[in-house]
Amino acid sequence: MQYDESTVMFSHEYFMRQALREAQEAFNRDEVPVGALVVLNNRIIARGHNQVELLNDSTAHAEILALTTAYQALGSKYLPDATLYVTVEPCLMCCGAMYWGKIGRIVYGASDEKNGYRHFTTTPPLHPKTEIVTGILAGECARLIKDFFKARR
């Protein structure tokens with residue numbers, strides 16, 4: 001029996017596993033292993049992983065790269081109906097980008113006690129209409145980061 005993938009509803013776990021694949025790609029390239037993707041209408045429209053070292057650019061975070069790709073794909077500077085999946089809690093810079101892009105939902109895995117936005121503020125620095133979902137596959141997301149930094153010590 002055939003089915004049309006566009007009618008199948010995928011779960012947060014499904015999309016977070018796709019983001020984890022991006023994070024693994026960053027890990028394999030000796031980048032801090034964070035992966036992100038933008039989903040619209042149940043379809044992945046953009047992917048990204050950290051490329052700070054490769055591009056010698058401190059702003060080349062997974063979220064920023066995925067957002068930029070999504071804007072280009074849609075020809076739009078706003079994503080109010082899209083969801084950004086990211087393996088680790090976004091930093092303030094990435095939250096600023098998501099604020100200006102009016103992203104509809106952010107789903108992240110592991111918390112980041114050092115650099116995540118919650119370390120700096122109790123109020124999420126996001127668009128007021130942005131929904132936040134946390135803790136999706138948090139253990140797997142955290143493990144990849146811990147393994148990366150453990151290997152570097």
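## An exposed ring and its partner

Trp-100 is exposed, because its relative accessible area is 64%, where exposed means over 50%, buried means under 20% and partly exposed lies in between (1.4 Å probe, protein chains only). This is a predicted model, in which local features need pLDDT of at least 70 and side-chain atom pairs count only at pLDDT 80 or more, while totals for chains, interfaces and linings use all residues. Residues are numbered from 1 along each chain as its sequence is written, and side-chain values use heavy atoms, with hydrogens and water left out.

## Aromatic pairs

The structure holds eight aromatic pairs, a pair being rings of Phe, Tyr and Trp (its six-membered ring) with centres within 6.5 Å, called stacked if the planes are under 30 degrees apart, edge-to-face if over 60 and tilted for the rest. In one of them, Phe-10 and Phe-15 have ring centres 5.7 Å apart and planes at 75°, so this pair is edge-to-face. Phe-15 is buried at 3% relative accessible area, whereas Phe-10, at 21%, counts as partly exposed.

The rings of Tyr-99 and Trp-100 are also edge-to-face, because their planes stand at 85° with the centres 5.1 Å apart. Tyr-99 counts as partly exposed, with 32% relative accessibility.

## The surroundings of Pro-125

Pro-125 touches Tyr-99, and its other contacts are Leu-92, Cys-95 and Tyr-117, not counting residues up to four places away in sequence; contact here means heavy atoms within 4.5 Å. With a relative accessibility of 26%, Pro-125 counts as partly exposed.
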